[in-house]
Amino acid sequence: MIETFLPTDRVARSLTVSTMAFALSSGVFYAVSTLYFTLVVGLGTTTVGLGLGIAGGTGVLASYAGGWLADRVGAHHVQTVATGLNGVALLAYSFVSDAVAFTLIACLAVIMRSAGSASKQAMLARWYTGPERVEVRARMRVVTNVFIGLGTLAAAAALLIGTAQAYRVAVVVAGVLLLAATVPLAGLGRRVPELADKMTTARMTTARTAAAGEGAAGEGAASAGPSPLRDRTYLASVACNAVVATQFGLLTVGMPLWVATTGAPTAIISALLVLNTVLVAALQVRASRGTGDVRAAGRTVRRASWLLATACGLYALAGYGSVIVACVLFVLAASAHTMGEILGEAGGWGMAFELADQRSAGAYQGLSQAGYAIASMLSPILATTAVEHGTPGWAGLAALFVLAGTGAAAVTRRAAPLVPAGR
C-alpha cells in the first residue's frame, strides 16, 4: 500500500502526486457542479445535460488527438499543458452566465481532460514494460478512487453552507487543485533525464530511418509507426472493452434510479457507492496481476462480463420481495458489479497495452481512451433503458456484457503483442 501512495520510481511518483491533486479536484467538482450550474448560474437541467453531452462528444476526438500528439511532442508535455488548461477551464466556470459560455467552457474542460488522460496512458506505455504497466495503472486507479472520495467529503462543507458564494469557492478550489496537479509534471524531463534522452534519440532515429519507413519508439517521437485506425484487431479490442466499460453508468445512474423504484431505502445508494470504493482500493492492484499477458487479459475481461451479467440479474431480482430481501440483493449485486468493474479494468488495460504497436504508442492509447469516452457517453442511455424496461432491460444489458466479454477473449486468442516495449 505504501508503494501505491508513495512510489519509489521517479516517474510513478510524479504521476501519483499529480493524480492525487487531480482526483481531489474531481471529487470537489463532481459534488457541487450540478447544483452550482442550476442553482447559482441559473441554467436549466436540460441545458446542462445538453451542454455536457456536446462536450462529451468533443472528448472522444480529443482522446485520440491527445495520444497522437503525445507521439510527437512527448506525453509528459501534453499531460502538463492539458491538465493546466483543464484547471483554467474550471476557474472560468466562476464567470459563466449563459448557456453558450457554459457549453464552450465545458468543451474546453472535457477536451483537456481527455487529452490529459490519453497522454498519461501513453506515458505508461512508453516508460514501463509488460506487467509493470498494468500494475502502475492499477495503483493509480486506487489513488484516484481514494482521493475522489476525499474531495467529495471536502465538498460537503459547501453543500452544508449552501450559499452561492460557497459553491463558487468550491469550483475555484477545484480549478486551483488542477493547476497544482501540473507542478509534479512540470520539469519532469529535467528530473528524469531519460525521458528527454528518449525523445532526442527517437527523433534522430526517425531521421536516419525515414527512407526505410521505420518509426522511432522513444518518448515524444515523431512516430512513423502504423495507425491504430487501420489495426482491425485493436479496433475490435477497443470496441469490446468500450461495451464492458458502460458498466460505470450502471453504478452511477442505473442503480440509484432502480433503487428508487423498489422498496429499499434510498440511503442504501451511499452505502453501495462506499462499498464500491472500498473494494476497488483493496483489490484493484491484486486483480491486475497477470493481465500483462494479453491472452490472460482477454480471459479476465470475459470473467468480468459474467460478473456484470450476474449483477444485472441480482439488480433485477431486487425489484421483487420485501425491503430486507431487496437490500441484501442490492449488496450482492453491487459486490458482483464492483468485482466485474475491477477485473474489466485490469483486463482492458492489459489488452490496450499489449495489443498496441509501440512505434505509435500514443495514438494506440489515445484510441483506447476514445473507446472509454464513447462508453461514458452511452452508458447513461443504456442504464436508463434497463431501468425503464425492468427485468427484460436488465436481461438485455446482461447479454450485451457477456457478448462483449466473449468477444474480447476471442480477440486475444487470435492476437499477439506486436512490438515489445522497452525503456
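Predicted model: local features only at pLDDT ≥ 70, side-chain atom pairs only at ≥ 80, totals over all residues.
View 1. Arg 139 is buried, at a relative accessible area of 17%; the cut-off for buried is under 20%. The two residues, Arg 139 and Glu 135, are four residues apart in helix 6 and are therefore separated by about one helical turn.

**View 2. The salt bridge between Glu 341 and Arg 141.** The closest N and O atoms of Glu 341 and Arg 141 are 2.1 Å apart. Because Glu 341 belongs to helix 14 and Arg 141 to helix 6, the pair ties together parts that are 200 residues apart in sequence. Glu 341 is buried, with a relative accessible area of 3%. Arg 141 is buried as well, with a value of 7%. A network of salt bridges links Arg 141, Glu 341 and Glu 345.

**View 3. The salt bridge between Arg 133 and Glu 354.** In this pair, the closest N and O atoms lie 2.6 Å apart. Arg 133 and Glu 354 are both buried. The count of salt bridges in the model comes to six.

**View 4. A nonpolar patch on the surface.** The patch is formed by Val 81, Leu 85, Val 88 and Leu 179, which together have about 300 Å² of accessible area. Helix 4 (residues 75–92) supplies the largest share of the patch, three residues. Leu 179 is located in helix 7 (residues 164–181). With a relative accessible area of 33%, Leu 179 is partly exposed; membership of a patch requires over 30%.

**View 5. The crossing of helix 4 and helix 5.** Two packed helices are described by the distance between their axes and by the angle between them. For helix 4 and helix 5 (residues 99–127), the axes come within 8 Å and the crossing angle is roughly 155°. Angles over 145 degrees count as roughly antiparallel, and helix 4 and helix 5 are therefore roughly antiparallel to each other. Their crossing is left-handed. Helix 4 is also the source of three residues of the nonpolar patch.

How values were computed:
Residues numbered from 1 in each chain as written. Heavy atoms only, no water. Patch = residues over 30% accessible without salt bridge, like charges linked within 9 Å, V, L, I, M, F, W, Y side chains within 5 Å. Areas by Shrake-Rupley, 256 points an atom, 1.4 Å probe, with all protein chains shown as cover. Salt bridge = Lys/Arg side-chain N within 4 Å of Asp/Glu carboxyl O. Buried < 20%, exposed > 50% of the residue type's maximum accessible area, 1.4 Å probe, protein only. Axes fitted to C-alpha atoms, helices over the stretch in contact; angles between N-to-C directions. Parallel < 35°, antiparallel > 145°, perpendicular 65-115°, else oblique. Left-handed = near helix turned anticlockwise from the far one by under 90°.
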